[in-house]
Structure formats: C-alpha cells, structure tokens
Amino acid sequence: DTGSVSDSSARRYVQSYSYIAAKVIRNSIVEPTNIIYLDKGSAQGITKQMGVISPTGIVGQVVNVTEHYSAVMSVLSKDFKVSARFKKNDYFGYLRWDGIFPDEARLEDVPKHAPVKAGDTVVTSGYSQLFPRNVMIGVVKKVDAEPEKGFLDVTVRLTSDFGNLSYVYVVNNIRKDELQQLDSVINPPKAH
C-alpha cells in the first residue's frame, strides 16, 4: 500500500446549479408572449436571465425582477427559444412555440437524417446557461420531412401543463459568470 488516494475518492463534487422555489401568482397562455408572475424576487436571489422549471418540465426565463416578484417569459412565447435534444441519441435543435396550442411546440433545425420518431423524449441540451442538461421538455408527437428542406419538422407535446402551474423552481446557474468570461474572450465586445 503506497497510501495514495484512489481516483474516485480524490474527485470533488462541485455543484453547478441551485434552485429557488416560487409560487405562480399570475399566468397566461393565450397571448403571443405569455408572462408568468412569481412571488419571489431579488430579495430571494432571483435575477434576470434565470431559467424556470416545474416538476414536469421547463417553464421559461426570468425577464424582469423587483424586490419581491419576478416576471417569467413562458415557453409559450414567440420570443422564447431554447436548445433541446433527443434523449436517445443527442441530435439537437431549437424549441420554439408556434403560437397555436398551449401544449405543443416545434423543434427546429433538426437534421433530416436524425433518427427521430413519435414517442421520443425531448430534454434540454445543457448548451444554454438557463437550464441544466436533461430537464424534461416533452415527447415527439409528429415528425414530417419535407423533400425540399434539409431539416425535419418536429412537433413536441410539452410535459409542463401551462394552464395548471402552481409552484416552480428558478434555476441559479452558479457557474454562469465563468461561462460569460469565456464568451467575452471568444466574442469580445465590438468598439462603437
């Protein structure tokens, strides 16, 4: 015995996310941009550009904060877009609501050759600073391949019930500042 520490016991677990529970106090699902109001704000550590999830899936992104309240742009907003992937094979695309049904969204930019079928699970990719990897988004309802396009048209049934949200969790990405530092080196601000 050399007294060395094994690789697995020497590793240190570093938490990347923390969560702030909040109650939904106002919600809409019929507008082009739907906003959800929460009963927690900056006094509880919530800031703009934090992701929001429910026990069943993603909900949206914090867009405004006061001391005791937050406004969240819902997934059911035409301006909301998030990177999503198929759990079974890691092909990814961008989830966007088409403004029609409150339980469906479209997954765009999925390559035509991706092996996707109805029933496949769609989760967050982890590419965004908003959400950890593998947060539930929904299940593929329908896949269409148009001959003239190089991408699939994928309809996703969302697992969060936006008409019945009571409690949600605001996602605090503890390492977001580190990622933003990398972004500023790779994409430095342009001189005006």
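Tutor: Strand 3 (residues 51–54) and strand 12 (residues 167–173) run antiparallel and are joined by 3 bridges. Before we go on: this is a predicted model, where local features need pLDDT of at least 70, side-chain atom pairs count only at pLDDT 80 or more, and totals for chains, interfaces and linings use all residues. Residues are numbered from 1 along each chain as its sequence is written, and side-chain values use heavy atoms, with hydrogens and water left out.

Student: What makes strand 3 and strand 12 a pair?

Tutor: Two strands pair if DSSP finds at least two bridges between them. Strand 3 and strand 12 have 3 bridges, so they pass that rule. If you want a spot to look at, G51 stands opposite V171 in strand 12.

Student: And how do you know what counts as a strand or a helix?

Tutor: Both are DSSP runs numbered from the N terminus: helices are H or I with at least four residues, strands are E with at least two. The protein has 2 helices and 12 strands. From the N terminus on, the order is α-β-β-β-β-β-β-β-β-β-β-β-β-α.

Student: Why is the pair of F92 and Y94 called edge-to-face?

Tutor: Rings of Phe, Tyr and Trp (its six-membered ring) pair if their centres lie within 6.5 Å; planes under 30 degrees apart count as stacked, over 60 as edge-to-face and the rest as tilted. For F92 and Y94 the centres are 6.1 Å apart and the planes are at 80°, so edge-to-face is the label. F92 also pairs with Y127: centres 5.2 Å apart, planes at 85°, so that pair is edge-to-face too. F92 is in strand 7 and Y127 in the loop between strand 9 (121–124) and strand 10 (136–145), so the pair ties together parts that are 35 residues apart in sequence. Ring pairs link F92, Y94 and Y127 into a cluster.

Student: What makes Lys count as sitting over a ring, as with K81 and Y94?

Tutor: A charge sits over a ring if NZ of Lys or CZ of Arg is within 6 Å of the ring centre and within 35 degrees of the ring normal. K81 lies over the face of Y94, at 4.9 Å from the ring centre. Likewise, the charged end of R26 is over the ring of Y37, 4.5 Å from its centre.

Student: Is Y127 buried or exposed, and how do you know?

Tutor: Buried means under 20% relative accessible area, exposed over 50%, partly exposed in between (1.4 Å probe, protein chains only). Y127 comes out at 54%, so exposed is the word. F92, at 31%, is partly exposed, while T155, at 4%, is buried.

Student: What does T155 touch?

Tutor: Contact means heavy atoms within 4.5 Å. Leaving aside neighbours within four places in sequence, T155 contacts several residues, including E104, R106 and V139. T155 itself is in strand 11 (residues 151–158).

Student: And what makes Q49 stand out in its phi?

Tutor: Most residues other than glycine have a negative phi. Q49 has phi near 65°, a positive value in a residue other than glycine. Q49 is found in the loop between strand 2 (33–38) and strand 3. D90 has a positive phi too, of about 70°, although D90 is not a glycine.
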